[in-house]
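Thanks for coming. Please have a look at it first.

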Amino acid sequence: MRSAVQLACTLVACLSLCSAFVSMSSGPSSRRQVIQTGVAAAGAALLPSVVSAAAPAKAKVYETDNGILYVVRKEGSGPRPRDGDLVAIKYIGYLNNGKAFDINDGSVAGRKPTVFKLGAKQVIPAWEEIVRYMNPGAEYNIVVPAKLGYGDKGVCVGDGECLVPPNETLKFTIILDKVAISP
Ligand SMILES: *[C@@H]1O[C@H](CO)[C@@H](O)[C@H](O)[C@H]1NC(C)=O
């Protein structure tokens with residue numbers, strides 16, 4: 001009976017059931033602030049206008065070890081995810097010109113948060129890295145160099161049309177929705 005219950009525990013169910021059992025994590029190196037501004041300028045430059053309107057006036061911009069710039073819009077709480085954990089994120093992805101190319105922020109009917117196993121290279125390198133800096137519930141705005149996004153291929157179809165052009169710098173608003181140990 002117990003194994004049947006375990007089998008019935010889908011990814012999504014586990015994310016809520018197991019979130020109380022997240023592992024402790026020391027996380028990446030402490031936050032390095034790269035830019036400090038007394039005005040919204042850096043935040044505005046970093047963020048699409050729709051996002052920057054709601055961003056704090058004194059946006060501090062930090063940088064990860066691999067070169068992702070990030071602004072903390074909302075701090076989370078609880079242990080940060082580490083290798084093997086399942087993480088669920090909500091996000092909006094923007095091209096460098098501010099145009100949204102992928103929206104999964106909970107506003108799209110029927111679309112669930114994106115779930116991936118950390119360290120398993122199931123998603124772009126930027127997501128693999130940035131969630132290690134986030135506590136559950138945190139919301140960041142990030143700027144992603146192309147090499148940590150879709151690289152020099154982009155996301156293109158056969159006829160040359162691209163959802164994401166080659167070598168594109170990307171921006172995301174990303175929320176670490178839930179963290180759970182892999183079932
Ligand atoms: C992308 O960048 C690489 C390395 O800088 C370069 O060789 C390549 O030509 C670029 N591709 C496009 C389509 O701009």
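A definition to begin with: a residue is buried if 20 or more other C-beta atoms lie within 10 Å of its own, exposed if 12 or fewer, and partly exposed in between, with C-beta atoms placed from the backbone. This is a predicted model, so to speak of local features we need pLDDT of at least 70, and side-chain atom pairs count only at pLDDT 80 or more, while totals for chains, interfaces and linings use all residues. Residues are numbered from 1 along each chain as its sequence is written.

Now V143. Is V143 buried or exposed? V143 counts as buried because there are 22 C-beta neighbours inside 10 Å. V143 belongs to strand β7, residues 139–144. Helices here are DSSP runs of H or I with at least four residues, strands are runs of E with at least two, and both are numbered from the N terminus. Five of the six residues of β7 are buried, so this strand is largely enclosed by the rest of the structure. L69 is 74 residues away from V143 along the chain, yet their C-alpha atoms are separated by 5.1 Å.

Next, which strands does β7 pair with? Two strands pair if DSSP finds at least two bridges between them. β7 pairs with β3 in the antiparallel sense, over five bridges, and K74 has E139 in β7 as its bridge partner. β7 also pairs with β10, again antiparallel, over six bridges; there, N141 has T173 in β10 as its bridge partner.

On to the core. A nonpolar core is a set of buried Ala, Val, Leu, Ile, Met, Phe, Trp, Tyr and Cys residues joined through C-beta atoms within 7 Å. The largest one has 32 residues, and I68, I89, I130 and I142 have the most contacts inside it. At least two residues of this core come from each of β3 (69–74), β4 (85–94), α5 (125–130), β7 and β10 (170–181).

Take I130. Contact means that the C-beta atoms of two residues, placed from the backbone, lie within 7 Å. Apart from neighbours within four places in sequence, I130 contacts T64, I68, Y70, Y140, I142 and I174.

Finally, the whole protein. There are five helices and 10 strands, and buried residues make up 32% of the 183 residues. Of the contacts with a separation of 6 or more, 71% are between residues 24 or more positions apart.
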